[in-house]
Amino acid sequence: MTSPEGPVPGPPPEAAPAARPGRFRGRGPAAERATARTLAFVESPVQLLNVLEWAHHHTGAARPEHSPLCDGVPRQSAGRATPPLPDDADDVGGLLLVVLAPHDPMTRGQLRRMAELAREQGYRVRWEEARGGPGAPAHTIGGLAGALRKARRVVIGDPFSRYVQLLLMITRARELVVVDDGTATMEFVSQLARGERLVRWHRRGGRGARDVVFAPVSASARRKLTPNTRRTVEVFTSMPVEAPAGVTVTANDFAWTRATFGPPRLTRGTDLVGTSLVETGVVDAEAYLEAVAALARTHGATRYFAHRREHTDKLHRIGARLGLEVVRPELPLELIARRGPIGRTVLSFPSTVVHTLPLALVGTGVTVVVCDIDPAWLTETASPRAEGFLSGVTDTARDVRRLPYAPLSTTQAVNTGHTP
């Protein structure tokens with residue numbers, strides 16, 4: 001498996017030193033005051049990217065004192081502190097990005113790269129080992145409580161995250177902003193409008209014991225994310241959503257990505273984008289692999305851009321059995337595609353990228369093609385909402401070409417209990 005960047009100078013992503021919990025590395029009290037007004041909490045590379053897009057949208061331009069990186073390759077800090085912003089920095093320019101680090105190595109690596117990219121753009125990043133052991137959550141939340149109570153604005157990337165929901169219980173912020181964590185934003189906005197409890201679309205069945213225990217926290221988070229006379233709520237998204245009553249929806253057109261990277265060099269080939277539908281228990285693994293093979297044969301795809309959550313054994317089968325070059329990107333795909341090289345045609349199953357790539361690649365000549373999911377590919381344990389949600393992702397995608405689902409061979413077709 002390869003990286004589209006090739007060899008990256010400097011230490012690997014995990015080598016970058018993390019800030020000590022509860023402190024701003026290399027910053028003084030003045031810098032702490034400057035960033036306390038706006039806190040952003042992210043748990044994935046895409047969330048961090050969309051916080052940068054939100055900040056760019058509200059400031060109107062990239063920070064001039066920090067030039068774009070050559071070819072978008074983040075330089076390693078090697079312990080070097082980013083110069084603090086002045087005390088009178090505007091609220092958005094002075095935001096503090098708090099990374100609630102996950103366990104997954106691929107996600108951590110991309111987050112490290114994105115954190116360095118954010119620092120190069122002049123923003124402060126605080127890395128929290130929020131899941132580093134039994135006492136980590138209490139330590140992290142305790143270390144952030146003071147800043148949360150003082151913050152005027154809080155930006156979050158995943159309203160379904162229990163960690164984020166706990167943090168929302170503490171904040172007194174008068175402005176809450178939700179940035180995209182992918183297509184889940186569509187479900188969040190729908191649930192908020194209907195006054196429903198916040199549940200991820202791919203989850204099946206009733207509440208487990210943990211859900212029951214956590215229900216008061218989730219209910220509190222839903223109330224916090226409902227605007228009132230004391231609090232505003234903004235959703236910054238590239239997804240097609242209708243604003244619930246009182247919520248401001250701001251369109252994310254990936255202006256920062258387009259201003260900072262590219263335009264890309266195009267290859268003559270076709271690239272295929274992977275999804276985590278197998279890993280989340282929605283799509284049968286064998287059906288997925290056969291569909292990938294059918295798409296590669298029919299459209300001449302040669303590269304497979306892996307989703308950060310895809311299992312290594314599945315990717316090995318795609319590379320060894322199907323003969324595709326498996327690429328594990330070190331940055332979100334929107335940045336990788338914008339930098340290039342990228343195929344003139346990009347194939348994807350229903351996922352976030354069928355909404356984001358057309359925006360990031362507008363005017364480049366790249367065609368994004370979305371392939372429908374055959375209901376027969378769904379697993380027996382898939383949520384009853386899965387089929388309708390995935391169809392909605394495809395139906396609402398703009399500036400893409402749509403394909404019917406890839407037909408499976410008779411020997412590979414599966415019967416999972418779902419009927420077309």
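**Salt bridges in the predicted model**

A search of the whole structure finds 18 salt bridges, a salt bridge being a side-chain nitrogen of Lys or Arg within 4 Å of a carboxyl oxygen of Asp or Glu. The structure is a predicted model, in which local features need pLDDT of at least 70, side-chain atom pairs count only at pLDDT 80 or more, and totals for chains, interfaces and linings use all residues. Residues are numbered from 1 along each chain as its sequence is written, and side-chain values use heavy atoms, with hydrogens and water left out.

One of these pairs is Lys 314 with Glu 310, at 2.9 Å from N to O. Lys 314 is buried, at 8% relative accessibility. Glu 310 is also buried, at 3%. Buried means under 20% relative accessible area, exposed over 50%, and partly exposed in between (1.4 Å probe, protein chains only).

Salt bridges with shared partners join Arg 152, Arg 153 and Glu 175 into one network. Within it, the closest N and O atoms of Glu 175 and Arg 152 are 3.5 Å apart. Glu 175 lies in strand E5 (residues 175–179), and Arg 152 in the loop between helix H4 (136–150) and strand E4 (153–156), so the pair ties together parts 23 residues apart in sequence. Helices (H or I, at least four residues) and strands (E, at least two) are DSSP runs, numbered from the N terminus. Glu 175 is partly exposed, at 23%. Arg 152 is partly exposed, at 36%.

Arg 317 and Glu 286 form a further salt bridge, at 2.8 Å from N to O. This pair links distant parts of the chain, with Arg 317 in helix H10 (residues 312–322) and Glu 286 in helix H9 (residues 285–299), 31 residues apart. Arg 317 is partly exposed, at 31%. Glu 286 is partly exposed, at 28%.
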